[in-house]
Amino acid sequence: MNGPLAVPPLSAAGYGVIKHQEIKRDSRKMAREKINYSCNQCGVLSPKWAGQCTDCGAWNSMSEVVSGKVSSHPRFTNYAGEKSGTQIERLSEIVCTDETRIPTGLNELDRVLGGGLVAGSVTLIGGDPGIGKSTLLLQSLTVLSSRLPTLYVTGEESKQQVSMRASRLGLPGDDLQLLTETSIERMLTIAGKEKPGVMAVDSIQTIYTDVLQSAPGSVGQVRESAAQLVRFAKQTNTSLFLVGHVTKEGTLAGPRVLEHMVDTVLYFEGDPSSRYRVIRATKNRFGAVNELGVFIMTEKGLREVSNPSAIFLSRHDEPVPGSVILVTWEGSRPMLVEVQALVDESHVSNPKRVTLGLEQNRLSMLLAVLHRHGGIAMYDQDVFANVVGGIKVSETASDLPVLLAILSSFRNRNLPQDLVCFGEVGLAGEIRPVPNGLERLKEAAKHGFRKAIVPAANVGNKEKIDGLEIIPVHRLSEAIDSL
Ligand code: TYD
Ligand code: MG
């Protein structure tokens, strides 16, 4: 062994005799695929890993990234006239082909996708482990495979496990191609030969690329593998499903780092202990966001719930304080959900404001409005608010029901069981209208509700709905008085 290059890289033909050329080729490859460490918080690049980012001070935020080819860096581009492949085109001159929608076999999944699967689109399916991501994929892939060549890559389950599940669920498996592979390079080589129309990777946390040394599931691996998959999907016009587990801690190593790379992000919501599974589109380049798909988990897999408006409604035998029914609007449908509140004397200097399924800051704001415009102070009370069924309500129509539930719990007085409510509360104490007021009221009437406290601007003077007494309110004080 001679010289400083005595220790050959592992990928070289063998230890000992290395030809000069091999070293040269390898070092060139190294220069091309240089590994840096990037901070997930501030994006600073560093050649060395560190437990704390030297720039922004975030802990445990450095992950591996592969630097691009040096020659493609803008610094090396000749701006003075060298012709490149990319050109500027006028918007009107770009030829569009009609995007065709491929039915996935599940109407509720089609609904959240915006009317079916788009060719060449990349869809991320996220959710807690065990919530039903693989079940959903398997059910729709077996349907898709009868129309298009379909490849299901599983890095978590063996082929036998997938096959057992398919036969237990009674799914036809004649056309679905299975692959168990976790190396992204090998997977894409096979997929490149197979040319599937639809491909699913379950899950992205098990996939790794040889380029990086970190363990599968780390931010760097997840990001780099997903980037390669997305590139493959776009170049070959393959519809791609990626499955990602959401960690309880939230962002790190979860599918959150992928959200900007993909076209559509679907998240499983809901209480894992309940049988209902709700899928929400939080990003969709081909359809509306916040559309909900509702399923029920049965022993025969996921079954669609095509009319889900009342599934989260729990009826109490006796009226209870602190509970009111909200008519919320999810995507394109109304839904009746129970809002619960508990107000309890606080024994700490900083009283608790806890929400489940609602926004916490909004609760603090509502309590301030209640104090200033309703004259009811809660500074010595812990306040808890919850939407029953594990569903998340992000729209402002929940403001008024939340306040009424809080008031009901505070006074320990029941609200009528046949009462529904919705409306946004403004900082000036006004009750503001929400979209689709009449449709919400009709849905409530259909389920036997008899009373509705709603924003006055949502119902014209003459609006009448059979069997429903509508109480229009302009201000918070009116709503409180009407009880
Ligand atoms: P799975 O799809 O494996 O979850 P994920 O891929 O999101 O981790 O779902 C597993 C859960 O679903 C498991 O707890 C059992 C339940 N399940 C049923 O109740 N019925 C069924 O038919 C199937 C296939 C699963
Ligand atoms: Mg799974």
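Leu400 touches Cys421, Phe422, Gly423, Val425, Ile431, Ile453, Val473, Leu476 and Ala479, leaving out residues up to four places away in sequence, where a contact means heavy atoms within 4.5 Å. This is a predicted model, in which local features need pLDDT of at least 70 and side-chain atom pairs count only at pLDDT 80 or more, while totals for chains, interfaces and linings use all residues. Residues are numbered from 1 along each chain as its sequence is written, chains are lettered from A and ligands numbered from 1 in the order in which they are written, and side-chain values use heavy atoms, with hydrogens and water left out.

**The nonpolar core**

- Leu400, Ile406, Leu441 and Ile453 have the most contacts inside the largest nonpolar core, which has 63 residues; such a core is a set of buried Ala, Val, Leu, Ile, Met, Phe, Trp, Tyr and Cys residues joined through side-chain atoms within 4.5 Å.
- Helix α8 (residues 399–411) supplies the largest share of this core, 7 residues, a helix being a DSSP run of H or I with at least four residues and a strand a run of E with at least two, numbered from the N terminus.
- Because domain 2 (100–306) and domain 3 (310–481) both give residues to this core, it lies between them; the domain bounds come from an automatic or database domain assignment.

**A buried serine**

- Ser239 is found in strand β10 (residues 239–245) and counts as buried because its relative accessibility is 1%, with buried meaning under 20% relative accessible area, exposed over 50% and partly exposed in between (1.4 Å probe, protein chains only).
- A polar atom of the Ser239 side chain lies 3.4 Å from the backbone nitrogen of Gly120, and Gly120 is also among the residues in contact with Ser239, including Ile102, Leu117 and Met199.

**An exposed proline**

- Pro272 sits in the loop between β11 (264–269) and β12 (276–284), and it counts as exposed because its relative accessibility is 52%.
- Although Pro272 and Ile131 are 141 residues apart along the chain, their C-alpha atoms are separated by 6.2 Å; Pro272 touches Asp128 and Arg277, not counting residues up to four places away in sequence.

**Around ligand 1**

- Gly130, Lys133, Ser134, Thr135 and Thr298 come nearest of the 16 residues around ligand 1, where near means that a heavy atom of the residue lies within 4 Å.
- An oxygen atom of ligand 1 lies 3.0 Å from a backbone N or O atom of Gly132, and a polar backbone atom of Gly301 is 2.8 Å from an oxygen atom of ligand 1.
- α3 gives the most to the shell around ligand 1, with 3 residues.

Terms used
Polar contact = N/O pair within 3.5 Å; in protein donor to acceptor, adjacent residues only side chain to side chain.
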